[in-house]
Amino acid sequence: METLPGPYPVKAHTPKARMFLLFFSVAICTGTLFLLQAKLTKPRKAKDFYSFDVLDLRGRVVSLEKYRGKASLVVNVASRSEQTERNYRELQELHRELGPSHFNVLAFPCAQYRDSDLGTNRDIDSSANSNSPISFPIFGQIKIMGSEADPAFKFLTDSAQKIPKWNFWKFLVNPEGKVVKFWKAEEPMEAIRQEATALVREIILRKRAEL
């Protein structure tokens, strides 16, 4: 019987080769973990205004998705501004006239303009309803300038490429969550009413055509 040859001898790795293999393995593992972590922690990029979540006056999370399909007039409001009473009255009239089936005023208190809206969210709610009841949503106090700017409002200012220089700037958002127009505080409400009414009319006609 012919004897089969034994196994081929395995050539031992040199210390230099072992170090290379160890370094290569560590590099592969590190790279894989980095890519996995980057994928998991990558922030969601909102495509439109309605993609964001905000807080209400009680600190509860509210998805702006609930306003998709409607026109929204988003306003940075203040309780202690010389323009407060007139703006709240006009905004309430507009909200009552056009909303809420196809339109909403969405108010975001901000105290970055000479401390014009200090106090708690409860104080803001009480102040807003002191003269006459407000039926449009007022969210929790936010910042709209600087590194702590609220993401939802930052989307508006980035879209308009304008940051409000005072209280009661107004941003008209279409049903798809895109900014279509903005107004400074001193601009008349009648101009805003015309634009908002035209957008609401478009929404109604589009819905009728889909029936």
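Trainee: Which side chains does Asp158 meet in a salt bridge?

Mentor: Start with the general idea: side chains of opposite charge can pair when their charged atoms come close. In this predicted model, Asp158 pairs with Lys154, at 2.9 Å from N to O.

Trainee: Where do Asp158 and Lys154 lie?

Mentor: Both are in helix H4, four residues apart, which is about one turn of the helix. Asp158 is partly exposed, with 45% relative accessibility, and Lys154 is partly exposed too, at 38%.

Trainee: Okay, and which residues of H4 are buried?

Mentor: H4 covers residues 151-160, and its buried residues are Ala152, Phe153, Phe155, Leu156, Thr157 and Ala160. Among the elements that cover them are strands E1 (53-55), E3 (71-77) and E4 (103-109).

Trainee: What happens at the start of H4?

Mentor: Look at Asp150: one of its side-chain oxygens comes to within 3.1 Å of the backbone nitrogen of Ala152. After the helix comes Gln161, with a positive phi near 55°.

Trainee: How should I read the largest nonpolar core?

Mentor: General idea again: in soluble globular proteins, nonpolar side chains tend to be buried together. Here that core has 51 residues, and Ile138 is one of those that touch the most other members. H4 is among the elements that each supply at least two residues, while H5 gives the most, with six.

Trainee: What is Ile138 in contact with, leaving aside neighbours within four places in sequence?

Mentor: Its contacts there are Leu57, Tyr88, Ala107, Pro109, Ile124 and Ala128.

Trainee: Back to charges: how many salt bridges are there in the whole structure?

Mentor: Nine. Some join up: Asp48, Glu65 and Arg68 form a network of salt bridges.

How values were computed: Residues are numbered from 1 along each chain as its sequence is written. This is a predicted model: local features need pLDDT of at least 70, side-chain atom pairs count only at pLDDT 80 or more; totals for chains, interfaces and linings use all residues. Side-chain values use heavy atoms; hydrogens and water are left out. Buried means under 20% relative accessible area, exposed over 50%, partly exposed in between (1.4 Å probe, protein chains only). Contact means heavy atoms within 4.5 Å. A polar contact is a pair of N or O atoms within 3.5 Å; within protein, one must be able to donate a hydrogen and the other to accept it, and residues adjacent in sequence count only if both atoms are side-chain atoms. A nonpolar core is a set of buried Ala, Val, Leu, Ile, Met, Phe, Trp, Tyr and Cys residues joined through side-chain atoms within 4.5 Å. A salt bridge is a side-chain nitrogen of Lys or Arg within 4 Å of a carboxyl oxygen of Asp or Glu.
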